[in-house]
Amino acid sequence: AVSGRPRTQSVQEDDGALSRLVAQCLGYLNRPPILKEEGLFRISGDVSKINELKAKFNAGYDVDLCEIRDPNTVAGLLKQNFRDLRKPLIALGAPQKIIMEAVRQRNVQTVQLIFENFEKFLLRW
C-alpha cells in the first residue's frame, strides 16, 4: 500500500515516482499499434480481468501486462484506477478539456503527446 492506501488509489508512490500500475499501463498503451486501436478508452475491457489485475497490483505482485492481448482491458484498468482516486486526477478546466477534445476527435498525435509527457503533466497537478 502507498501511505496506507491500496496501490490502485494512488497515481504516485511515496517517493514521488509514478505508480507501477499507471507506469505499466501507459507503457503498454503507448505503442503505435495500440494507440490507433479503434475504440480505445471507449470500449469496455474484460471486467473480471480488470478486477483480477487490480487485485494483483494492490497485493504487490509483479504484473506483466504484455501477456494481456486486449488493449481495452489495460485501458479499462487505467480508467478504473483514475476513477478510484480520492481526488480528481486533473482539476476541472482547460487541461481536461484539451484531453477530452483530443480523444473525441481521435487525434492520435495529441493523445500520443499527452502519453509521452504524462508524468510531467500529471506531477504538475
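This is a predicted model: local features need pLDDT of at least 70, side-chain atom pairs count only at pLDDT 80 or more; totals for chains, interfaces and linings use all residues.
**Stop 1: where α1 meets α4**

Select Leu 21, Val 22, Cys 25, Leu 26, Tyr 28 and Leu 29 in α1.

Colour the selection by residue class. The contact of α1 with α4 has 12 nonpolar residues, one polar residue and no charged ones.

Now show the two helices as cartoons. Helix α1 covers residues 20-29, and helix α4 covers residues 71-84. They pack at an angle of about 145°. Their axes lie 10 Å apart.

**Stop 2: the cysteines**

Is Cys 25 buried or exposed? Cys 25 counts as buried because its relative accessibility is 0%, and the cut-off for buried is under 20%. Next, select Cys 66. This residue is partly exposed, with a relative accessible area of 49%. Do not look for a cystine bond: the structure holds zero disulfides.

**Stop 3: from α4 across to α3**

Go to Asp 84 in helix α4. Show its side chain together with that of Lys 54. The two meet in a salt bridge, at 2.5 Å from N to O. Lys 54 lies in helix α3 and Asp 84 in helix α4, so this pair ties together parts that are 30 residues apart in sequence.

Side chains of opposite charge can pair when their charged atoms come close.

**Stop 4: along α3**

Display helix α3, residues 47-59. Select Lys 56 and Glu 52. They form a salt bridge, with the closest N and O atoms 3.3 Å apart. Why are Lys 56 and Glu 52 separated by about one helical turn? Because they are four residues apart in helix α3.

Check the surface at this pair. Lys 56 is partly exposed at 34% relative accessibility. Glu 52 is also partly exposed, with a relative accessible area of 34%.

Lys 49, Glu 52 and Lys 56 are linked in a network of salt bridges.

**Stop 5**

Step back to the loop between α2 (32-35) and α3, and pick Phe 41. Look at its backbone. Phi of Phe 41 is near 75°, a positive value in a residue other than glycine. Most residues other than glycine have a negative phi. Phe 41 counts as partly exposed, at 23% relative accessibility.

Move on to Arg 42. Its side chain meets that of Glu 38 in a salt bridge, at 3.8 Å from N to O. Arg 42 or Glu 38: which is exposed and which partly exposed? Arg 42 is exposed, at 55% relative accessibility. Glu 38 is partly exposed, with a relative accessible area of 47%.

Which total do the salt bridges of the structure reach? The structure holds five.

**Stop 6: zoom out**

Clear the selections and show the whole protein chain. How many helices and strands does the chain have? The chain has seven helices and zero strands. From the N terminus on, its elements run α-α-α-α-α-α-α.

Switch to a surface view. Of the 125 residues, 35% count as buried.

Finish with contacts along the chain. Take those with a separation of 6 or more: residues 24 or more positions apart account for 69% of them.

Conventions: Residues are numbered from 1 along each chain as its sequence is written. Side-chain values use heavy atoms; hydrogens and water are left out. A salt bridge is a side-chain nitrogen of Lys or Arg within 4 Å of a carboxyl oxygen of Asp or Glu. Buried means under 20% relative accessible area, exposed over 50%, partly exposed in between (1.4 Å probe, protein chains only). Axes are lines fitted to C-alpha atoms, for helices over the stretch in contact, and angles run from 0 to 180 degrees between N-to-C directions. Contact means heavy atoms within 4.5 Å. Ala, Val, Leu, Ile, Met, Phe, Trp, Tyr, Cys and Pro count as nonpolar, Asp, Glu, Lys and Arg as charged, and the others, Gly among them, as polar. A disulfide is a pair of cysteine sulfur atoms within 2.5 Å.
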